[in-house]
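This report covers two topics: the packing inside the chains and the contact between them. Please have the sequence and the model open while reading.

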Amino acid sequence: MDRVSELLQELKTIARNPRKSIETTLKNSGKKGVGCFPVYAPEELIYAADAIPIGMWGGPTKGNLSDRYLQTFCCSVMKANTEQALLKQYDLLSAVIMTTFCDTLKCVMENWKAASPQLKIIPIVYPQNRKASSGIEFFKEELMRVKGELEEILKCSVEDHRIQESIDLYDRYRRAMGRFVKEMNNFPITFDAVTRHLVIKASYFMDKKDYLQKVEELLGILQNRSPESSSGKKKVILSGLMSEPEELLHLFDENGFQVVADDLAHESRQFRESGPEEGDWQTRMAQRVAQQDGCAFLYDQEKTRGAGLLRMKEYYKADAVVLIQMKFCDPEEFDYPILKEELASERVPLLYLEIEQQMDSLEQLRTRIQSFSEMLA
Amino acid sequence: MYLGIDIGSSSSKAVVIDCDGRIKGSSVVNVGTGSKGPKKVLENVLNLSNVRLEEIEKTVVTGYGRMTYQGADKQITEISCHAKGVIYLVANACTIIDVGGQDAKVIRLNQWGGVENFVMNDKCAAGTGRFLEVMARVLDCSVDDLSLLAKKGSYGVQISSTCTVFAESEMISQLASGKSIEDIALGAHRSIAQRIVGLANRIGISKEVVMTGGVALNQSVVDAIEIEIGLPVVRLENPQVVGALGAALFARELA
């Protein structure tokens, strides 16, 4: 097995076994773990507090414990997270940062506090008017509060220079990921849809420094390799909250698609925007959030997501866009009619898929994806 | 000779064509994937066509059960196959409404007869043949009788198109309040039509509109759809086998 295969295998194993991977990361690093609810969390603060930010993006967990707290129309990510919390799967975390990006998240926080009192919940509110100076000031204060709560729970003092170093590391990670996802396109056989997803996902369960090291090593090797042929593959851009379960991505591979870029909250939206390199840490973090556009979870008055997808389509010479709608994810649903119209006006083929994380049968999705492939042929 | 087999959720269909595309025989068996339907429909269509299996040059399988059928040269989705079959029969078709036992699909065709866009129902029985089966059970009649009852209805009570389970309880309430069975049956057909048209509106409807699938045999549903969309719907002689015909036409292209 060559070094690339070895690294990819390692990252895929990490992504496929979150619980074990988190335990290993915490044990090897000797650090504490802090859970981060979707979509964004101030991971730089957690890392600066000498803890590991852990992504909490649901999973295939099924059960009915969460039914005591959640309506049937809550998204499957929230259901899986709540189920796992009630099963005490998150007890290895020292704290959980809960965000308020959707109505479900806003409402469920107090339930979590009551249902899982052993978990230390730190709420954070990202500003609606994140570009306005008042919004930036609000978010800076919010970051200060979160920092204070982290210090109290983790029993540490987070100095400013540590946060600056952490932001530098995260920005390095973001830039490296930007190069990495582009480089993957030169290797459509090595980086099929499943591998591409898992390699990105692994970062949620690792120390960012270790993950970055592996990504930079992969980049170094790949940049000196001859590209693989992508002849006959249909190039698509995935957009939406996330592209799980893994079997969904198998269907893209089976039907001859190459994922050339993504606009997924779980993947590229996490790293496509770097913040300013200068300024105090609060400003750097708040400005980065202010700068990021084209995300359903960050209020965008100008509705630039469609234009962004059209630019991506042009840049990556993609054949089509696939919108993966997590069932009951309202913020993503609100964007859909706008996107649909904008893409249709430019005659960009669009496939709309509705998913849940815990799907028993993917046969309907198979027909949709295969039909789309036949349609583009 | 070329064979197309369409294995649906509740029926199996097959068509044999010759090298000029002429239909030599077709068959429908009212059991679908996971049953003896595919085997039975193959036997039937070969008998009806007076063709031996060895004479079949190529076979294409489509439908929900296409992934598990052994013995085909290729599997193609029912969306592509319905488009192929419809264009063969109605050259200027633009919109296909295909409603089967568990699925509803609307396909928009481009000027060359290819698939330009499509939509499918999600995991829900509303807007599919299953909806009519449930409604017929409540009224203690067959689906065919339900259609005949609807023809006699004049008023058409309001029944939910959102959910089959809700619709069932609404129907029982309407019966309890003394509404006539004919008006309730008409309401049920309007309900399924509204659901299907709601799906179709997501990609737009334009002439000629052709309806395929088992539910297209139900004239009350087709009538209700025509009223909802304000356009005539082309009624095919044998709408159930259009997917299988498309598969057979694809099989001919493989040769």
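Leaving aside its neighbours within four places in sequence, with which residues is Phe180(A) in contact? In this predicted model, Phe180(A) is in contact with Phe191(A), Val199(A), Val215(A), Leu218(A), Leu219(A) and Leu222(A), where contact means heavy atoms within 4.5 Å.

The model is predicted, so local features need pLDDT of at least 70 and side-chain atom pairs count only at pLDDT 80 or more, while totals for chains, interfaces and linings use all residues. Residues are numbered from 1 along each chain as its sequence is written, chains are lettered from A in the order in which they are written, and side-chain values use heavy atoms, without hydrogens and water.

**Cores**

A nonpolar core is a set of buried Ala, Val, Leu, Ile, Met, Phe, Trp, Tyr and Cys residues joined through side-chain atoms within 4.5 Å. Buried means under 20% relative accessible area, exposed over 50%, and partly exposed in between (1.4 Å probe, protein chains only). The largest nonpolar core has 131 residues, and Trp112(A), Phe180(A) and Phe252(A) touch the most other members. Helix α7 (residues 160–184) of chain A gives the most to this core, with ten residues; helices are DSSP runs of H or I with at least four residues, and strands are runs of E with at least two, numbered from the N terminus. Another core, of 40 residues, lies apart from it and includes Val99(B), Phe131(B), Ala188(B) and Val215(B).

**Glu44(A)**

Glu44(A) lies in helix α3 (residues 43–48) of chain A and is buried, with a relative accessible area of 4%. Among the residues that Glu44(A) touches, not counting those up to four places away in sequence, are Tyr170(A), Arg174(A) and Arg288(A).

**Interface of chains A and B**

In all, 19 residues of chain B are in contact with 20 residues of chain A. The area buried between the two chains is about 1600 Å², of which carbon and sulfur atoms give 46%; buried area is the accessible area (1.4 Å probe) that two parts lose on being put together, summed over both. The rule finds one salt bridge across the interface, a salt bridge being a side-chain nitrogen of Lys or Arg within 4 Å of a carboxyl oxygen of Asp or Glu.

Two side-chain pairs are listed here; a polar contact is a pair of N or O atoms within 3.5 Å, in protein one able to donate a hydrogen and the other to accept it, with residues adjacent in sequence counted only if both atoms are side-chain atoms.

| Pair | Type | Distance |
|---|---|---|
| Glu116(B) and Arg347(A) | salt bridge | 3.6 Å, N to O |
| Glu44(A) and Arg174(A) | polar contact | 2.9 Å |
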